[in-house]
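Dear colleague,

I am handing over the structure below, and after it you will find what came out of looking through it. Please read the notes with the structure open beside them.

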Amino acid sequence: MTGTTPSSSASSPSLTNLSNSNIKHNLPIVLDMENVQYATWAQLFKIHARSHRVIDHILPTSKSKIPSIDDEKDEWSTVDATVLKWIYSTIYDDLLNTILEPDLTAQAAWGHLRDIFQDNKSSRAVTLEQEFSNTAMEDFPNALRYCRRLKMLADQLKNVGAPVSNNCLVL
């Protein structure tokens with residue numbers, strides 16, 4: 001970074017803009033363990049982070065600069081806390097309690113969530129496939145709710161790398 005303060009730099013986010021940004025307007029999904037939509041949630045979160053120039057707080061690159069001046073460290077820490085707050089406000093309590101640790105950074109929280117949903121893809125796929133196969137129309141009040149449930153399970157299976165074929169959906 002240059003000698004200017006990070007908030008005046010063209011590449012740094014404005015703390016006021018970050019604080020005033022309501023992520024729930026741009027990310028209407030609340031991530032939970034039961035209704036897994038991790039891939040969709042992560043994609044929308046990354047778009048929001050890019051639009052506010054804070055993507056490096058969750059996905060650092062080789063271009064990411066570690067602050068060296070105390071004022072820059074302080075501002076970086078404040079921005080990171082805001083991104084962490086965004087993460088916390090878009091996940092349910094069960095996940096929050098799972099990942100919450102003292103002095104956690106946004107990048108570490110992002111990594112914990114990724115590991116939860118990406119590391120157990122095979123076991124999630126088996127569970128979801130079984131649930132998909134055992135879903136019966138008589139368990140639902142109408143065909144619309146039945147179809148929605150099957151679609152939701154199909155989407156979750158797609159997110160864990162086990163997409164349901166159109167033929168299987170029709171059958």
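In this predicted model, helix H3 passes helix H6 in a left-handed crossing. The axes of H3 (residues 38-51) and H6 (residues 106-118) come within 11 Å and cross at roughly 155°, and since angles over 145 degrees count as roughly antiparallel, the two helices are therefore roughly antiparallel to each other.

Where they touch, Tyr38, Trp41, Ala42, Phe45 and Lys46 of H3 meet Trp110, Leu113, Arg114, Phe117 and Gln118 of H6. Sorted by class, this contact of H3 with H6 has 7 nonpolar, 1 polar and 2 charged residues.

Turning to the aromatic rings, the count comes to 7 aromatic pairs. One of them is the tilted pair of Trp41 and Phe45, with 5.3 Å centre to centre and 35° between the planes; these residues are 4 apart in helix H3, which means that about one helical turn separates them, and both Trp41 and Phe45 are buried. Trp41 also forms a stacked pair with Trp110, at 5.4 Å centre to centre and 25° between the planes. Because Trp41 lies in helix H3 and Trp110 in helix H6, that pair ties together parts that are 69 residues apart in sequence. Trp41 counts as buried at 0% relative accessibility, and Trp110 is likewise buried, with a relative accessible area of 3%.

Methods. Residues are numbered from 1 along each chain as its sequence is written. This is a predicted model: local features need pLDDT of at least 70, side-chain atom pairs count only at pLDDT 80 or more; totals for chains, interfaces and linings use all residues. Side-chain values use heavy atoms; hydrogens and water are left out. Axes are lines fitted to C-alpha atoms, for helices over the stretch in contact, and angles run from 0 to 180 degrees between N-to-C directions. Angles under 35 degrees count as roughly parallel, over 145 as roughly antiparallel, 65 to 115 as roughly perpendicular and the rest as oblique. A crossing is left-handed if the near helix is turned anticlockwise from the far one by less than a right angle, and right-handed if clockwise. Contact means heavy atoms within 4.5 Å. Ala, Val, Leu, Ile, Met, Phe, Trp, Tyr, Cys and Pro count as nonpolar, Asp, Glu, Lys and Arg as charged, and the others, Gly among them, as polar. Rings of Phe, Tyr and Trp (its six-membered ring) pair if their centres lie within 6.5 Å; planes under 30 degrees apart count as stacked, over 60 as edge-to-face and the rest as tilted. Buried means under 20% relative accessible area, exposed over 50%, partly exposed in between (1.4 Å probe, protein chains only).
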